[in-house]
Amino acid sequence: MNFLEERIVKDGIVRSGNVLKVDSFLNHQMDVSLMEEIGREFHRRFAQKPITKVLTIEASGIGMAVFVAKEFGVPMVFAKKSKSVNIDADTYVAQVESFTHKNTNQVIVSKKFLNSEDHVLIIDDFLANGCALKGLISIVEQAGATVEGLGIVIEKGFQDGGKIIRDMGYPLESLAIVESMDAETGHISFRRQ
Ligand code: 5GP
């Protein structure tokens with residue numbers, strides 16, 4: 001098991017509805033040393049790519065994306081959830097269905113912060129059905145920028161997102177891939193990588 005898998009087994013809580021709670025160390029209370037390690041690991045995996053921006057989605061992707069961006073020495077941009085119906089011409093927009101809240105959010109990025117010269121590494125905490133990543137890919141495409149790769153902290157391998165994104169041809173790296181999890185026993189197994 002790698003450093004992250006060990007932590008998930010120790011502190012992750014399996015909830016019904018295929019939800020894994022990791023809020024004691026990843027997306028509510030954050031273990032900053034673990035975040036640093038996550039940043040270093042994504043940097044190692046994408047070091048050959050000419051990354052100019054790290055892109056994530058608010059709120060829970062922001063913590064880890066900051067540490068990734070620090071390793072690359074580039075800015076981190078996050079897509080904001082926006083309720084406004086009057087999106088101005090200066091923003092890229094995508095619709096993202098939320099896995100955890102079961103609603104659809106409109107997310108926006110200002111055109112000031114992403115353009116056709118950019119080489120983007122997309123980062124998020126979880127990958128389930130792939131809606132968040134598809135929204136972020138759409139924003140990069142609207143900018144005419146290049147998606148150099150996608151980094152996920154925890155992929156739930158028994159849901160479709162990973163296959164969808166890999167079938168689209170994008171380099172996707174997940175630090176832990178949960179193969180199965182059981183809300184009754186709390187047992188979690190990982191895909192060998
Ligand atoms: P997707 O868009 O791939 O269906 O879901 C990914 C998004 O939903 C992530 O941004 C993450 O915030 C949230 N998410 C999906 N599955 C889980 C989960 O098991 N636990 C937590 N805490 N968040 C999840």
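**View 1. Lining of the largest pocket.** The lining divides into 13 nonpolar, nine polar and ten charged residues (Ala, Val, Leu, Ile, Met, Phe, Trp, Tyr, Cys and Pro count as nonpolar, Asp, Glu, Lys and Arg as charged, the others, Gly among them, as polar). A pocket is an open set of points on a 1 Å grid over the protein atoms alone where a 1.4 Å probe fits, with protein on both sides within 12 Å along at least five of seven lines; lining residues have an atom within 4 Å of a point. This is a predicted model: local features need pLDDT of at least 70, side-chain atom pairs count only at pLDDT 80 or more, and totals for chains, interfaces and linings use all residues. Residues are numbered from 1 along each chain as its sequence is written, and side-chain values use heavy atoms, without hydrogens and water.

**View 2. The ligand in its pocket.** The ligand takes the space of the largest pocket (more than half of its atoms lie within 2 Å of the grid points). 17 residues surround the ligand, each with a heavy atom within 4 Å of it. Among the closest are Asn129, Gly130 and Lys156. β7 (119–127) is one of the elements that each supply at least two shell residues; its share, four residues, is the largest (strands are DSSP runs of E, at least two residues, numbered from the N terminus).

**View 3. Polar atoms around the ligand.** A ligand nitrogen lies 2.8 Å from a polar backbone atom of leucine 20. A ligand oxygen lies 2.8 Å from a polar side-chain atom of aspartate 124. For serine 60, a side-chain N or O atom is 3.5 Å from a ligand oxygen. Polar contacts are pairs of N or O atoms within 3.5 Å.

Technical notes: Polar contact = N/O pair within 3.5 Å; in protein donor to acceptor, adjacent residues only side chain to side chain.
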